[in-house]
Amino acid sequence: MTRRVGWWLSAAALAVLAACGSGSAGRDVPFTPDDVLQDASGQDSGPEEVRPPTQVDEAFRVVFPYVDYVHIPATPSQVFWMNPAQREADPKTTFDAALPVQEPALTCQDGCIAAPSGKWLAVVVTPTTSATEGNTVRLFRLYDGPTLVPSGIPDVVNVRSFAFGTDSFVFTRMQYGCYQADTQQKACAKFFRINLAGPTPAGEESLFTFPTEATLDATLPPSGNFRIGQDGRTVIVLGPTVTSQSVWLWRGPTGEPIQVTDPVCAGIGPDETCISAGLGFRDTDPVALSPDGNHLVLALIENDRALVLTHVDLRNDPRTRKTAALLMMTGDFSYYDGKNYCWNRQAWQPTFVLAPLRFSPDGTEVVFVAGTDCEPNKNRSWTNVLALPLARIDAEGAIARDDLRWITDFPQGETLAACVSILPDAMDLSPTGDYVVFAGSPTLNSSFEALRDGDSQLGRDDEIWVTRRDGTTEPVQLTAKSGSKVTSTLAIPVPQPAP
């Protein structure tokens, strides 16, 4: 597989361009005989019933960047927001229009990220060109309109990656030699937080350093990437090594992050120790924490043999995990031996999972984008938004087609206009969780007329889509700006009116 299971960008880059089975440690996913390994049911392209088009009746806003690739020289990237209840072929409402009210020269060209709460906007005012230094970020209070008001918080400097919690702004800075005993001056990430609660936000607060001193020698050099769980407060950090992946959580208020689950192996050696599979893990592999903070899910290539979803119930033994496989290799074949996964799969089976993962509001299921670049989609991926109950992951074994809820069910075929390629890091749930918004290739042109199969626009443009999470409606393309690419998407509540 291409390493799409671990594709990720830093928060600032997103703005511009906008987990061993049976709970065992380091062991293979339980394999069944080859002749019964894969599910043989439901190999058609999906359900036959006709679903009505999606109509949005929830009040929220979609925030997304558009990259214009037509004009020479290219026009600056802009960050838009729109009401998903209405289609806009050529969206007009931008944060760029609101920023000059505060500062005439300020734009979203280098990055604007809205808080999931809909209360804040982070603007990259000075991007870094250094491999060691970070960006300068300015925070604004966000109101409906959109209207931006200065936050009174000093510019945050040397920021490598950042994310908003419920009432916090968390960010990392890179440093060399974080521990006195580290005579080799190895790279590490320093984590900081600004408390945004109350009328007067607090100053910067140092949280922790990663990797920990005990794991510094084994962990790959960090990039500063992390996530905030859907509980709005837990910091999630991945600690890949050349042979394994580990997950670390920090909830504070002080102390080091805590490792949960035993490390997941890239491959298993003769003595059942973790060995390298050649392509390994990254600190950007898909991972999510449920809104109540009790459940963790990862998507990984495990033991060089299987594309898996792994669930950790943090209420019980946080070192124990349950694993179910979307795709397993048969015989002696590796996931990385050419594209052996293509001929090991049933027609419906994905070969990669894209970040992000999202939990349903009640925490009972995980929603994700999965796809494949096997024939007949060798040059343009076939993707879909899927949902899987945590209970099915806990049952382990091979996942069948009917175990999944096909929130979207696009047909296969890279030349088909109806085959939609969804982008990495471009899917989100509405504030209630009832709707899914995502960015992917269009099926309609700028006049909202159907594109023809084979149209070159299918591989160039990317637009905003919306559908219901329960899978009862057909997804609807909301934007249609020819010559432009949406590169990420975020769904936020409608902000409060400006004071």
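This is a predicted model: local features need pLDDT of at least 70, side-chain atom pairs count only at pLDDT 80 or more; totals for chains, interfaces and linings use all residues.
Me: Where do I start? How many helices and strands does the protein have?
Reply: Start with the overall make-up. The protein has four helices and 32 strands.

Me: What share of the residues is buried?
Reply: Buried residues make up 59% of the 499 residues. The protein exposes about 19,400 Å². Carbon and sulfur atoms supply 51% of that area.

Me: Over how many bridges do strand 9 and strand 10 pair?
Reply: Nine. Strand 9 covers residues 168-176, and strand 10 covers residues 187-195. The sense is antiparallel.

Me: Now the aromatic rings. How many aromatic pairs are there?
Reply: The count comes to 20 aromatic pairs. For each one, read the centre distance and the angle between planes. Take Phe162 and Phe169. Their ring centres are 5.3 Å apart and their planes are at 35 degrees, so the pair is tilted. Planes under 30 degrees apart would count as stacked. Both Phe162 and Phe169 are buried.

Me: What does a stacked pair look like here?
Reply: See Phe438 and Trp465. Centre to centre they are 6.0 Å apart, with 5 degrees between the planes. This pair links distant parts of the chain. Phe438 is in strand 28 (residues 435-440), and Trp465 is in strand 29, 27 residues apart. Both Phe438 and Trp465 are buried.

Me: Which residues form one aromatic cluster?
Reply: Phe162, Phe164, Phe169, Phe171 and Phe192 form one.

Me: How do I read a single residue? Is Gln245 buried or exposed?
Reply: Check its place, its accessibility and its contacts. Gln245 is in strand 14 (residues 244-250). It counts as buried because its relative accessibility is 1%, and the cut-off for buried is under 20%.

Me: What does the side chain of Gln245 reach?
Reply: It reaches the backbone oxygen of Arg282 at 2.8 Å. The Gln245 side chain also makes a polar contact with the side chain of Asp285, at 2.9 Å. Beyond four places away in sequence, Gln245 touches several residues, including Leu238, Pro263, Phe281 and Leu300. Look along the chain too.

Me: Let me try a loop residue. Where is Arg469?
Reply: Arg469 is in the loop between strand 29 (463-468) and strand 30 (476-477). At 16% relative accessibility, Arg469 counts as buried.

Me: Which backbone oxygen does the side chain of Arg469 reach?
Reply: That of Gly433, at 2.5 Å. Arg469 also touches residues elsewhere in the sequence, among them Ser360, Glu365, Arg405, Asp434 and Tyr435.

Key. Residues are numbered from 1 along each chain as its sequence is written. Side-chain values use heavy atoms; hydrogens and water are left out. Helices (H or I, at least four residues) and strands (E, at least two) are DSSP runs, numbered from the N terminus. Buried means under 20% relative accessible area, exposed over 50%, partly exposed in between (1.4 Å probe, protein chains only). A polar contact is a pair of N or O atoms within 3.5 Å; within protein, one must be able to donate a hydrogen and the other to accept it, and residues adjacent in sequence count only if both atoms are side-chain atoms. Contact means heavy atoms within 4.5 Å. Two strands pair if DSSP finds at least two bridges between them. Accessible areas come from the Shrake-Rupley method with a 1.4 Å probe; for residues, only the protein chains shown count as cover. Rings of Phe, Tyr and Trp (its six-membered ring) pair if their centres lie within 6.5 Å; planes under 30 degrees apart count as stacked, over 60 as edge-to-face and the rest as tilted.
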